Amino acid sequence: EFDAHDARVLCHIPPRVITSPNNDWVPQPFLFEDAPVQARADGRLGTVDSFQWPQLYTAGYPWVVAVKRNFNFADEPLAAVWYTPSYDDFVQIQNSALPIGSLQPHKLDALAKLMDLVKVRVNAYKNGKHHLRAGDQSIKMVQSLRVTFNHLDRFPLTYRDIVASVAEFQRGVLEFHAYCDYYAFILPRIERPQFPFPAVNTQWMGAFTESVQVAEALFRAGVPVWYVRPEASVTSSTIIEAIVTPTQPDHIVLGAFCDPIKKFAKPFPVRYVGPAGVERETASRHFNTESEMEAYKILVGEDAPSEGGPSMAKEHRNAKEHHRGRRKDRAESSRPYPSQGSGSGSGPRNKWVDLDHQLLPPRHVTWSTALDRATKDEKVVKSQRMNAGYRFPEPAVFAVVLASDSRKRYLANWLALRPLWLGRIANQPHLPVPGPKVWRAFLN
């Protein structure tokens with residue numbers, strides 16, 4: 001009679017032995033050395049990814065043993081969970097110089113169907129009353145999935161962002177289904193084992209463990225398990241059916257992400273470096289926020305774009321010295337905003353005159369009167385004044401553009417920026433805002 005001490009297969013990796021009571025193979029273990037948790041070229045986490053390859057069992061994430069393995073079945077309902085976006089799947093926003101866009105609609109639809117499957121599973125999970133268990137995390141997982149899907153569905157992203165977000169969403173889908181399987185099927189078998197034990201479910205990922213108690217519990221529940229043990233623990237009484245060599249992964253991407261246009265490496269950040277365990281598993285579940293995405297850094301000017309396109313911060317730096325001299329001259333003038341016409345686009349507008357333009361709403365009489373009556377001498381302005389700049393581009397920026405193509409470009413860039421910019425203003429309202437010239441340079 002087999003138990004966790006026995007070996008359907010045995011693999012000797014000095015000074016350890018790895019045995020399995022319910023498998024006919026032993027995966028190469030990536031457990032014993034410090035390794036980085038870092039997204040690779042496909043957005044996944046390489047050989048330390050518990051959603052691609054068996055890892056060390058951790059009590060903090062016991063459901064990982066039920067992650068579904070990738071068998072590349074085209075008719076598999078979850079087939080899209082192993083899809084990797086190509087650059088051909090990236091649709092750049094039209095009339096915009098920024099390297100941002102979205103997924104091809106049919107690719108996004110395939111991911112939306114994964115979200116539909118999650119909703120169906122949520123209802124089944126609730127019908128089984130599993131969500132009433134103390135400490136249940138199912139609702140939190142679904143909420144995180146929705147946030148990640150919304151990034152893909154609603155926000156303009158770079159191709160690099162899309163690769164990372166798709167992989168993040170797929171990990172979330174796999175984890176949610178594993179979570180439901182664990183509490184619906186595996187945990188009851190562990191808590192109330194019945195002989196004969198169920199056959200091993202080879203579609204589950206399984207896990208390595210250094211605990212014979214964990215190995216026995218997973219064995220009785222039909223979960224693939226590999227027991228990592230000292231050489232001396234294998235004795236003449238140990239049943240051994242076969243001795244094998246470790247199986248190497250042949251489907252896992254290890255290379256760093258490369259810019260699809262310029263072909264230089266742009267690796268994703270390292271989330272954690274260390275041995276297998278709960279810290280590594282926790283780092284593998286880091287969900288990207290808007291501010292961590294490449295598109296956000298491009299749109300709000302924290303980083304230069306990788307594939308061309310202007311940066312607000314860069315334009316601000318280039319214009320800083322020029323503005324400094326202009327500011328001094330203007331401060332000494334009795335008319336700090338000299339009139340340059342009503343919208344020719346050839347120079348600064350007279351901001352004391354409400355712009356009258358066919359593309360703008362009619363002038364507000366009270367506001368126009370107030371501007372006309374205001375004291376325009378800067379000598380009466382106190383030293384402590386509001387920061388110059390605009391949280392949002394003033395409508396006149398779009399109205400005074402003469403060329404229709406330029407206006408289209410202005411509008412396209414603003415519509416691309418708007419969702420992330422609104423979030424930036426809401427979350428960090430104290431940060432400096434761009435001036436008119438910076439807005440024009442960026443929108444152009």
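Visitor: What share of the contacts with a separation of 6 or more joins residues 24 or more positions apart?

Guide: A contact means heavy atoms within 4.5 Å. Of the contacts in the protein with a separation of 6 or more, 68% are between residues 24 or more positions apart. The structure is a predicted model, in which local features need pLDDT of at least 70 and side-chain atom pairs count only at pLDDT 80 or more, while totals for chains, interfaces and linings use all residues. Residues are numbered from 1 along each chain as its sequence is written, and side-chain values use heavy atoms, with hydrogens and water left out.

Visitor: Why is Glu-281 called buried?

Guide: Buried means under 20% relative accessible area, exposed means over 50%, and partly exposed lies in between (1.4 Å probe, protein chains only). Glu-281 has a relative accessible area of 3%, so the residue counts as buried. Arg-285, at 13%, is therefore buried as well. Of the 444 residues of the protein, 45% are in this class.

Visitor: What makes the pair Glu-281 and Arg-285 a salt bridge?

Guide: The term requires a side-chain nitrogen of Lys or Arg within 4 Å of a carboxyl oxygen of Asp or Glu. For Glu-281 and Arg-285 the N to O distance is 2.8 Å, and the pair is a salt bridge. Through shared partners, salt bridges join Glu-175, Glu-281 and Arg-285 into one network. By this rule the count comes to nine salt bridges.

Visitor: Why can the salt bridge of Arg-121 and Asp-181 be said to tie together parts apart in sequence?

Guide: The side chains of Arg-121 and Asp-181 meet at 2.5 Å, N to O. Arg-121 belongs to helix 1 (residues 105-127) and Asp-181 to helix 3 (residues 159-191), so the pair links parts that are 60 residues apart in sequence. Both Arg-121 and Asp-181 are buried.

Visitor: Where do the partners Glu-294 and Lys-266 lie?

Guide: Their side chains, those of Glu-294 and Lys-266, form a salt bridge of 2.2 Å, N to O. Glu-294 lies in helix 6 (residues 294-299) and Lys-266 in the loop between strand 7 (225-230) and strand 8 (270-274), so parts 28 residues apart in sequence are tied together.

Visitor: How do you know that the buried residues of helix 11 line one face?

Guide: Helices (H or I, at least four residues) and strands (E, at least two) are DSSP runs, numbered from the N terminus. In helix 11 (residues 436-443), Val-438, Trp-439, Phe-442 and Leu-443 are buried. Down the axis, these residues fall within an arc of 125 degrees, so they line one face of the helix; the arc is that of the directions from the helix axis to the C-beta atoms.
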